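Please walk through the fold below, from its overall layout to its core and its aromatic contacts.

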Amino acid sequence: MIKNIISNFKRYQFLMQQLISRDFKVKYKRSVLGILWSLLYPVLMMLVMAVVFSRMFKFSVPGVNYFVYFEVGFIMFNYFSEATNNGMVSVVYNFNLLTKVYIPKYIFPLSKCLFCGINFLLTLIPLFFVIVFTGTIQEISWYYLLLPMIFFFGFLFTVGVSFILATVSVFFRDMFYIYGIILTIWNYATPVFYDISIIPGSLQTIFKLNPLYTYINSARDIILYGNCPSMINIILMVVYGIIALIIGSIVFKKKQDKFIYY
């Protein structure tokens, strides 16, 4: 299926663009600020959540600015959450197209991940200004060149999970509700608003196996500390992304011919 995705990408490029364009129009329809919400939302949410956790719950991270620490985790987890949620319902919500014309079904979850990916890139703009405003960046090192790699393999991981969720949701509609609970647990199991050092040492190893922790922590190593992610984390990011994509592609391809009956 991966080979088919690559070979058919150009063939259905126009359709992909139309699906992404449609998502933008629907999301920002009749909105006064429109696409500016992609820039404002993460900043406003960051301010609210950071104030709540840093002032009310007294969360802090030694040696770094908590606002930047929180926003890096929030933006990356929010992308995964939004993309997989949209990818999960993409096949079911586009059943009218599937019953009328032939369309490679993987285009639907993939287009959702790309659409959310564009939003993610837009949110990096206010993140950059927050980083500069708080004085987090002292100097730009070559390690920043690794950030696109982190985001790329995080994207592959997200696409793979979206393929699995899109497949399961066709046959088991309760997945729409169950996944919301899973995401909530996943959010608390990922150090988005807290430092992993507050977790008992015996549990830290388990928490570090969380793929989202690996991606978020690697980005924080570069942005907050100016360090290169560890070789173990780099290997894990590649492995998580490729394995998730392969498994998701296999599951999706195996079941896609049965979608029409459900």
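From the N terminus on, the elements run α-α-α-α-α-α-α-α-α-α-α, that is, eleven helices and zero strands. Helices here are DSSP runs of H or I with at least four residues, strands are runs of E with at least two, and both are numbered from the N terminus. The model is predicted, so local features need pLDDT of at least 70 and side-chain atom pairs pLDDT 80 or more, while totals for chains, interfaces and linings use all residues. Residues are numbered from 1 along each chain as its sequence is written, and side-chain values use heavy atoms, without hydrogens and water.

Among contacts (heavy atoms within 4.5 Å) between residues at least 6 apart in sequence, 77% join residues at least 24 apart.

Met-237 and Tyr-240 are among the buried residues of α11, as are Ala-244, Leu-245 and Phe-252. Helix α11 has 25 residues (231-255) and, at 1.5 Å a residue, should span 36 Å; its end C-alpha atoms are 36 Å apart, which agrees. The expected span is 1.5 Å times one less than the number of residues.

Aromatic rings pair if their centres lie within 6.5 Å (Phe, Tyr and the six-membered ring of Trp; planes under 30 degrees apart are stacked, over 60 edge-to-face, the rest tilted). The count comes to 18 aromatic pairs. Tyr-93 and Phe-176 form an edge-to-face pair, 6.4 Å centre to centre with 70° between the planes. Tyr-93 lies in α4 (66-93) and Phe-176 in α8 (175-188), so this pair ties together parts 83 residues apart in sequence. Tyr-93 is exposed at 59% relative accessible area, whereas Phe-176 is partly exposed at 21%. The ring centres of Phe-252 and Phe-259 are 5.4 Å apart and their planes are at 80°, so that pair is edge-to-face; both residues are buried.

Methods:
Buried < 20%, exposed > 50% of the residue type's maximum accessible area, 1.4 Å probe, protein only.
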